[in-house]
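Colleague: Could you take me through one part of this model up close, the stretch with the charged side chains and whatever sits around them? I'd like the whole picture in one go.

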Amino acid sequence: MPANNNPLPAEAGLSAGGQEQSTDAHGQFTAAVDDLLDQLQHKFDTVSREIFGKFDDMARRLDELESSLSIAGDEAAGAGAPTTPSSGAK
């Protein structure tokens, strides 16, 4: 019988199986990292939206305060009172 240098089917399965497991583990690791990055991106987007919403709210409130101070200053100037509010402390 001639010598056969080809591996036996069981031996071929072992080397292919080890490589397949390595590839599968690499795929699982990649999927886990992708999932983690997606979660971080979602959290970052949520926090960014909340921060920008608070900035918008603060800007709106400052505009309202500026408007009310301007109106109060105009009313005080029309009445002949000083335009700067007193602190009440003597």
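Modeller: A salt bridge here is a side-chain nitrogen of Lys or Arg within 4 Å of a carboxyl oxygen of Asp or Glu. Keep in mind that this is a predicted model. By that rule, the count comes to three salt bridges.

Let's start with Asp 57, which forms a salt bridge with Arg 61, their closest N and O atoms being 4.0 Å apart. That pair makes the list because the cut-off is within 4 Å. Asp 57 also forms a salt bridge with Arg 60, and there the closest N and O atoms are 2.4 Å apart. Arg 60 in turn has a salt bridge with Glu 64, with 2.9 Å between the closest N and O atoms. Put together, Asp 57, Arg 60, Arg 61 and Glu 64 are linked in a network of salt bridges.

The spacing along the chain is worth a look too. Asp 57 and Arg 60 both lie in helix 1, three residues apart, about one turn of the helix. Asp 57 and Arg 61 are four residues apart in helix 1, again about one turn. Glu 64 and Arg 60 are also four residues apart in helix 1, so about one helical turn separates them. As a general point, side chains of opposite charge can pair when their charged atoms come close.

How open are these residues? Arg 61 is exposed, with a relative accessible area of 54%. Asp 57 is partly exposed at 30%, Arg 60 is partly exposed at 41%, and Glu 64 is partly exposed at 46%.

Now for the nonpolar side chains. Val 47, Ile 51, Phe 52, Phe 55, Met 58, Leu 62, Leu 65 and Leu 69 form a nonpolar patch on the surface, with about 800 Å² of accessible area together. Met 58, one of that group, is found in helix 1 and is partly exposed, with a relative accessible area of 46%.

Two other patch members, Phe 52 and Phe 55, bring us to the rings. The structure holds one aromatic pair. The ring centres of Phe 52 and Phe 55 are 6.5 Å apart and the planes sit at 65 degrees, so the pair is edge-to-face. Both lie in helix 1 (residues 9-78), three residues apart, about one turn of the helix. Phe 52 is exposed, with a relative accessible area of 54%, whereas Phe 55 is partly exposed at 47%.

How values were computed: Residues numbered from 1 in each chain as written. Predicted model: local features only at pLDDT ≥ 70, side-chain atom pairs only at ≥ 80, totals over all residues. Heavy atoms only, no water. Phe/Tyr/Trp six-rings, centres within 6.5 Å; stacked < 30°, edge-to-face > 60°. Helix = DSSP H or I, 4+ residues; strand = E, 2+ residues; numbered from the N terminus. Buried < 20%, exposed > 50% of the residue type's maximum accessible area, 1.4 Å probe, protein only. Patch = residues over 30% accessible without salt bridge, like charges linked within 9 Å, V, L, I, M, F, W, Y side chains within 5 Å. Areas by Shrake-Rupley, 256 points an atom, 1.4 Å probe, with all protein chains shown as cover.
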